[in-house]
Amino acid sequence: MATDEAVREASVLSAPADRSAGPGPEIAGLPWVEDAGKVAPKDARELSRLFFDRLRTLEEGTREYSYARNTLIEMNTSLVRFAARRFRGRGPEEMEDILQVGTIGLIKAIDRFDLSREVEFTTFAVPYIVGEMKRFFRDTSWAVHVPRRLQELRVELAKARDHLTAVLDAPPTVAELAAYLEITEEDVIEGLVASNGYTAGSIDVPAGDDGADATEAGRAYADTIGGLDPAMELVEDFHALAPLLGQLNDRERLLLQMRFGQEMTQAEIGAELGCSQMHVSRLLSRIITKLRAGMLTDV
């Protein structure tokens with residue numbers, strides 16, 4: 001989906017011009033355009049020159065300025081639709097987002113256009129519109145977020161790889177890519193690794209290939225991934241516990257060995273050591289409290 005900021009800006013700034021006062025012959029010296037979105041492209045070009053010339057003399061924030069600017073946006077939305085046609089292969093579900101971000105580009109072009117440039121507004125605006133659309137794809141198409149530097153490097157690597165493959169009649173090596181792009185081999189490797197984040201496959205995709213038997217072909221990739229071993233979570237605890245056990249005296253270690261190593265009951269330990277079960281319970285509680293406090297201490 002398009003970013004929230006893009007959606008808000010496109011919806012607010014491209015809202016129909018304020019015509020609450022009703023139709024009239026002109027506003028601030030400009031002709032009244034009842035439905036700017038239906039103005040023919042040829043007429044829109046002529047009217048746009050007039051509106052741009054008047055817009056630069058109006059004070060920003062006034063009703064007249066808002067009318068002129070919003071009418072320009074509405075009259076030129078056909079440029080957004082024209083630019084979006086090159087991306088129609090992306091599917092109808094993305095077209096709404098593409099039109100929204102394209103409208104942001106149109107608004108930027110209107111705010112930055114100057115008649116003194118002596119260039120047609122359409123020529124000036126289309127690069128802004130297409131640029132916003134491409135920026136939207138660049139920022140949202142990656143399955144895994146990677147730095148923009150690596151996103152751009154991926155494109156350069158793809159172009160270099162296609163060129164060198166045609167020239168060398170074989171896929172280029174990392175060294176050949178680095179030499180062609182005049183970057184280090186480490187940068188090439190980093191870019192190639194980052195390219196893996198452009199698309200992501202489902203773990204429910206069948207893991208077998210075309211030559212696999214019926215049993216393998218029916219297994220999903222997720223079925224081949226092992227589950228978490230609960231015992232692995234204890235490794236770090238055992239590692240932290242070992243030096244603390246070394247700090248206990250012989251009697252304390254013997255109690256722990258009998259209780260948790262040999263799994264003797266407190267009554268059996270008391271009988272073995274010649275003391276009461278209550279005394280064994282207090283000793284074990286004291287030892288465990290000391291170990292727990294040591295493991296919870298930040299080092």
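**Stop 1: helix H3**

Helices here are DSSP runs of H or I with at least four residues, strands are runs of E with at least two, and both are numbered from the N terminus.

A word on what you're looking at: this is a predicted model, where local features need pLDDT of at least 70, side-chain atom pairs count only at pLDDT 80 or more, and totals for chains, interfaces and linings use all residues. Residues are numbered from 1 along each chain as its sequence is written, and side-chain values use heavy atoms, with hydrogens and water left out.

Now colour H3 by accessibility: 10 of its 13 residues are buried. Buried means under 20% relative accessible area, exposed means over 50%, and partly exposed is in between (1.4 Å probe, protein chains only). Among the buried ones are Tyr-65, Arg-69, Leu-72 and Glu-74.

Stay in H3 and pick Asn-70, which counts as buried at 9% relative accessibility.

**Stop 2: helix H4**

Next, take residues 77-84, helix H4, where Thr-77, Leu-79, Val-80, Ala-83 and Ala-84 are buried. Look down the axis of H4: the buried residues fall within an arc of 150°, so they line one face of the helix. The arc is taken over the directions from the helix axis to the C-beta atoms.

**Stop 3: two positive phi values**

Jump to Asp-169, in the loop between helix H7 (148-168) and helix H8 (174-181). Its phi is near 60°, positive in a residue other than glycine, and Asp-169 is exposed at a relative accessible area of 70%.

Glu-263 is another one to select, with a positive phi of about 55°. Find Glu-263 in the loop between helix H12 (250-261) and H13; at 66% relative accessibility, Glu-263 counts as exposed.

**Stop 4: H13 against H14**

Finally, show residues 266-273 (H13) and 277-296 (H14), which pack at about 105° with their axes 8 Å apart. With roughly perpendicular covering 65 to 115 degrees, H13 and H14 are therefore roughly perpendicular to each other. Residues that meet here include Ile-269 in H13 and Leu-284 in H14, where contact means heavy atoms within 4.5 Å.

Methods. Axes are lines fitted to C-alpha atoms, for helices over the stretch in contact, and angles run from 0 to 180 degrees between N-to-C directions. Angles under 35 degrees count as roughly parallel, over 145 as roughly antiparallel, 65 to 115 as roughly perpendicular and the rest as oblique.
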